[in-house]
Structure formats: structure tokens, C-alpha cells
Amino acid sequence: MTKIDDNIISKLEMISSWIKMRKIMAMVILAADIWIKKIKKPLASEIPRLIMVDHIERAQNMIFKMVQYQSFENEIRSLKCNTRMVSKSSCLFKLDPFLDSNGLLRVGGRLKKSMLGINEMHPAILPKGKLITEAIVRWSHNNVAHSGRSMTLNNLRKNGLWIVNANSIVRKIIFNCVTCRKLRGVLGSQKMADLPRERCIEAPPFTYCGVDMFGPIMIRERRSDLKRY
């Protein structure tokens, strides 16, 4: 993990939205691509200057790799060696992790022969206790319309993400969610005040109130009937 990567992560953690994080990183990648193409082909007439889906995917993988290397540096180095295994004391040992072709740390398993996509077969591993991870959980929680913990976890799995101790992180995000507190809040109860003095003592009729014994007088105004007292 270089100081440049640490600086990038610290800058990204100042943003609370996962969508904005990816977009900003995609803009950096796009600017780098334009700069490289201008150096290699200075006379090129058309150079795309719009963020494409490829830039978003590259930005997401780059963020994941930086966060993984910051938290799982020893595990990644072990997998790069000939052993291809992590230490038994590591929190990732039971996940049977491996590095894909892009250097991304993913969950292993026995679904390699299935028809599922790479993200569903082998989700990318993310550490707990990172602001970027919490931003991703908030994004997933918003995607399921502020549903419960199970729906949020399923949405994370669907998007190819495996967060270490995800249950506690999702529970924390839902507990601190303002929208969820409003939707699931308990209705307040109010104790009624004492009756006024006029309703508690004996008095002659109509001492404190009156009754219209004649009722309303119906009048005609244009095409409507109105009541007048």
C-alpha cells in the first residue's frame, strides 16, 4: 500500500455517497486515459470525454483493491506467494479467498462449475470498519427502499460483495438511518388534561353553553343551498 493510495482513500472517505465516490474515481480514470492517448497519439481527432460504464467498473475495482490492500495486506501477499493460502488465524481463512485476474480478493467456494456470474459465484471481499464499506451498505440499504437487514444483505450479495461481519455493520447502518427511524418509530401517546371547571360543577342549564333550538335557516344563493344561523 503506497502513500498515494492512502491519500486517495482518505479523500474518498470524506464523501458519504458511494455513487459519488465511483463517479469521482471514474473521472480521474477518464482524465488519465485522455492524457495517455494524447501522448501516444497527439494528432488523434476524436478522444471520448464522457464517463462510460467501463470507467465506472474500473473505478469500482480500483477502490476495492485499495481498500483490500489496506486491510488485508498480509493475506494478499500470502496468496501471491506459492502457498496460495492465508493463515489460519486470519478472519478470511474460512472464506477460502483467492486473487482473480485483476488482483481483486474474492471469496472461494465450490460453485466454479455453475452458470452464475463471477460476482455471484465469488463476491469481492470488503473489510469492516471502513467508511467506504459503510457508504456501500447505505447505498445498498437505499436500493431496497429501507427494508430490513436480510434484504440489505441479499442486495449486497446480489451486487457481488461480501463484507466481513456484515450483520453487525448492516444493523448499525439501519439503527442510525433517519428514514428508518421515522418509518418504524412508535407512535407517541398523550395523556389527556383535566376537565375544565365549568364541566365539573353543578350549574343551571345553559350557564356556560347555549343550544340553537331553531336550527339553521336554509337560504338560496345562486344555484346552491346554504345554511345560515
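## Close-up views of a predicted model

View 1. The expected span here is 1.5 Å times one less than the number of residues. Helices are DSSP runs of H or I with at least four residues, strands are runs of E with at least two, and both are numbered from the N terminus. This is a predicted model, in which local features need pLDDT of at least 70 and side-chain atom pairs count only at pLDDT 80 or more, while totals for chains, interfaces and linings use all residues. Residues are numbered from 1 along each chain as its sequence is written, and side-chain values use heavy atoms, with hydrogens and water left out. The buried residues in α3 are His 55, Ala 59, Ile 63, Phe 64, Met 66, Val 67, Gln 68 and Tyr 69. Buried means under 20% relative accessible area, exposed means over 50%, and partly exposed is in between (1.4 Å probe, protein chains only).

**View 2. Helix α2 crosses α3.** Two packed helices are described by the angle between their axes and the distance between the axes. For α2 (residues 18-40) and α3, the axes come within 8 Å and cross at roughly 110°. That makes α2 roughly perpendicular to α3. The axes are lines fitted to C-alpha atoms, for helices over the stretch in contact, and the angles run from 0 to 180 degrees between N-to-C directions. Angles under 35 degrees count as roughly parallel, over 145 as roughly antiparallel, 65 to 115 as roughly perpendicular and the rest as oblique. From α2, the contact takes in Trp 18, Met 21, Arg 22, Lys 23, Met 25, Ala 26, Ile 29, Leu 30 and Asp 33, while α3 brings His 55, Ile 56, Arg 58, Ala 59, Gln 60, Met 62, Ile 63, Phe 64 and Met 66. Sorted by class, the residues of this α2 and α3 contact are twelve nonpolar, two polar and four charged. Contact means heavy atoms within 4.5 Å. Ala, Val, Leu, Ile, Met, Phe, Trp, Tyr, Cys and Pro count as nonpolar, Asp, Glu, Lys and Arg as charged, and the others, Gly among them, as polar.

**View 3. Helix α6 meets α7.** The 13 residues of α6 (residues 131-143) should span 18 Å at 1.5 Å a residue, and the end C-alpha atoms agree, being 18 Å apart. Buried residues in α6 include Ile 132, Ala 135, Trp 139 and His 141. Just after α6, Ala 145 has a positive phi of about 60°. The axes of α6 and α7 cross at roughly 110° and come within 9 Å. That makes α6 roughly perpendicular to α7. Here α6 contributes Ile 136, Val 137, Ser 140, His 141 and Asn 143, and α7 contributes Thr 152, Asn 155 and Leu 156. The tally for α6 with α7 is three nonpolar, five polar and no charged residues.

**View 4. Helix α7 packs on α8.** Helices α7 (residues 149-158) and α8 (residues 166-175) pack at about 120°, with their axes 10 Å apart. The two are therefore oblique to each other. Arg 149, Thr 152, Leu 153 and Leu 156 in α7 meet Ala 166, Asn 167, Val 170, Arg 171 and Ile 174 in α8. This contact of α7 with α8 has five nonpolar, two polar and two charged residues.

**View 5. Asp 96 and Asn 165 sit in loops with positive phi.** Asp 96 lies in the loop between α4 (73-80) and β1 (98-99), and its phi is near 50°, a positive value in a residue other than glycine. Though twelve residues apart in sequence, Asp 96 and Gly 108 are 4.8 Å apart, C-alpha to C-alpha. Setting aside residues up to four places away in sequence, Asp 96 touches Arg 106, Val 107, Gly 108 and Gly 109. Asn 165, in the loop between β4 (161-163) and α8, has phi near 55°. Its relative accessible area is 42%, so Asn 165 is partly exposed.

**View 6. Leu 226 lies in strand β6.** The strand holds residues 224-228. Leu 226 counts as partly exposed, at 25% relative accessibility. Beyond its neighbours within four places in sequence, Leu 226 is in contact with Ile 217, Met 218, Ile 219 and Glu 221.
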